[in-house]
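Reader: I am new to reading protein models. Could you take me through one, feature by feature?
Author: Gladly. Have a look at it before we start.

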Amino acid sequence: MGAGIAGLFAHAGCKVSLVDLSESLLQRGWRLLEMGQAALLDAGLREEGDAEADQKRITTTTRLDEACEGVDLLVEAISEDLDLKREMFGKFDKMCPAEAILATNTSGLSISAISTATRNSGRVAGMHFWNPPHIIPLVEVTKGDETSDETAQALMDVSRLLSKKPILVRQDVPGFVGNRLQFAVVREALHLLAEGVASAEDIDTAMTAGPGIRYGFMGPLRTADLGGLDVFRAISEYLFTALNSSGDAPPYLSNLVEAGKLGVKSGEGFYQYGAEDAPRFLTRRDRALLGMLKALSKEEGDKHG
Ligand SMILES: NC(=O)c1ccc[n+]([C@@H]2O[C@H](COP(=O)([O-])OP(=O)(O)OC[C@H]3O[C@@H](n4cnc5c(N)ncnc54)[C@H](O)[C@@H]3O)[C@@H](O)[C@H]2O)c1
């Protein structure tokens, strides 16, 4: 995520320092950055020469202290581990200028818990990019209990400068908004699969050929408005009690993980993957998503034009 986010800032004209623990990890990030740039060029969203110009604005380093010198904004995208993030925010607080904003790309950990490792929680906020960061427009700007309005507003403004679509998450709730919506769907999909209601392929198709198609254009609340709130209330009355509401990770998922079936990275998850399948699938995914985004942004343009 870090390398992709660095690419976004560089394309907006910012000078960026990309930090990781070793040269080989930096190189891994750089390769991901280049793949993203190639996908954008291929889709006609970047011009020849953009990739090189953007790369020139990014320096890579393993020296955190050097990278923090004089920064206006730090976006942390290290592993999703609260203790580690707290430890690092303690360091950022000491190494960065006092007026710098400290943002975390956490997928849903508590912003308030992370910020208590600093002396000024007012300058700490969530800035959650979605994967792949060079494509997905959403950025969730989340306020911790003590995040200042100025910090949140600055991150909303910066997100727009990156041509992203920011939303303001006013309360520091686990998973913010996007992952709460996403995991409500994942929980139900796992439940349906474990109960044998439909196959993995058919459950996925129910989303990609059904509500998923709509959601790129309009969210669940506008969908309800269009469907009629009386109709949605009637369905809610008999359906909500039938939905899975378990508070635990389902045994079905735990069994797969315990068996080493981790998805694409281990060659098997809900589906099987050969060595060549993963990169091919990622390329196809990027092309499809960019095509959909182009169609949707034309629709937006037509609406405003
Ligand atoms: N992968 C996703 O789909 C996704 C989407 C949105 C947000 N996020 C969030 O972004 C963050 C990073 O996720 P990722 O998928 O890119 O993980 P990743 O493991 O691919 O990358 C994390 C990087 O941080 C580096 N790192 C760890 N400790 C470090 C330290 N002390 N100093 C410098 N670098 C350090 C690691 O070496 C690694 O290269 C997590 O908080 C994650 O929840 C991930």
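Author: Start with Lys 85. With a relative accessibility of 1%, Lys 85 is buried. Keep in mind that this is a predicted model.

Reader: Where does Lys 85 sit?
Author: Lys 85 belongs to helix 5. Its side chain reaches the backbone oxygen of Ser 79, at 3.5 Å. Lys 85 is also among the residues that come nearest to the ligand.

Reader: Then let us turn to the ligand. How many residues are around the ligand, and which come nearest?
Author: There are 17 residues around the ligand. Met 1, Asp 20, Glu 80, Lys 85 and Ser 107 come nearest.

Reader: How do I read the polar contacts there?
Author: Look for N or O atoms that lie within 3.5 Å of each other. Take Glu 80 as a case. An N or O atom in the side chain of Glu 80 is 2.6 Å from an oxygen atom of the ligand. Ser 107 has a polar side-chain atom 2.7 Å from an oxygen atom of the ligand. With Ile 78 the backbone takes part: one of its polar backbone atoms is 3.2 Å from a ligand oxygen.

Reader: How much of the ligand's accessible area does the protein cover?
Author: On its own, the ligand has 820 Å² of accessible area, and the protein covers 74% of that. Helix 2 (23–42), helix 5 (82–95) and strand 5 (124–129) each give two or more residues to the shell around the ligand.

Reader: What kinds of residues make up that shell?
Author: Seven are nonpolar, six are polar and four are charged.

Reader: Next, strands. How do I read the side chains along one?
Author: In a regular strand, side chains alternate between the two faces of the sheet. Now try strand 1, residues 16–19. Val 16 and Leu 18 point to one face and are buried.

Reader: Which strand is joined to strand 1, and do the two run parallel or antiparallel?
Author: Strand 2, residues 58–61, is joined to strand 1 by four bridges, and the two run parallel. Within this pair, Val 16 stands opposite Ile 58.

Reader: Ile 58 makes me think of the core. What is the general idea?
Author: Nonpolar side chains tend to be buried together in soluble globular proteins. Here the largest nonpolar core has 22 residues. Phe 9, Ile 58, Met 127, Phe 129 and Leu 155 have the most contacts inside it.

Reader: Which element supplies the largest share of this core?
Author: Helix 1 does, with six residues. Other elements supply at least two residues each, including strand 4 (101–104), strand 6 (138–143) and helix 7 (149–161).

Reader: Is helix 1 mostly covered or mostly open?
Author: Mostly covered. Eight of the ten residues in helix 1 are buried. Among them are Ile 5, Leu 8 and Phe 9. After helix 1 comes Gly 13, with a positive phi near 100°.

Reader: What should I expect of phi and of peptide bonds?
Author: Most residues other than glycine have a negative phi, and most peptide bonds are trans. Now look for exceptions. Ser 163 has a positive phi, near 65°. Phe 176 is not a glycine, yet its phi is positive, about 50°.

Reader: Which residues does a cis peptide bond join?
Author: Asn 131 and Pro 132, with omega about -5°. Pro 132 lies in the loop between strand 5 and strand 6.

Reader: Last topic: distance. How far apart are Lys 56 and Val 16 in sequence and in space?
Author: They are 40 residues apart in sequence and 9.4 Å apart in space, C-alpha to C-alpha. Lys 56 is in helix 3, residues 50–56. Its relative accessible area is 66%, so Lys 56 is exposed.

Key:
Residues are numbered from 1 along each chain as its sequence is written. This is a predicted model: local features need pLDDT of at least 70, side-chain atom pairs count only at pLDDT 80 or more; totals for chains, interfaces and linings use all residues. Side-chain values use heavy atoms; hydrogens and water are left out. A residue is near a molecule or strand if one of its heavy atoms lies within 4 Å of it. A polar contact is a pair of N or O atoms within 3.5 Å; within protein, one must be able to donate a hydrogen and the other to accept it, and residues adjacent in sequence count only if both atoms are side-chain atoms. Accessible areas come from the Shrake-Rupley method with a 1.4 Å probe; for residues, only the protein chains shown count as cover. Ala, Val, Leu, Ile, Met, Phe, Trp, Tyr, Cys and Pro count as nonpolar, Asp, Glu, Lys and Arg as charged, and the others, Gly among them, as polar. Buried means under 20% relative accessible area, exposed over 50%, partly exposed in between (1.4 Å probe, protein chains only). Two strands pair if DSSP finds at least two bridges between them. A nonpolar core is a set of buried Ala, Val, Leu, Ile, Met, Phe, Trp, Tyr and Cys residues joined through side-chain atoms within 4.5 Å.
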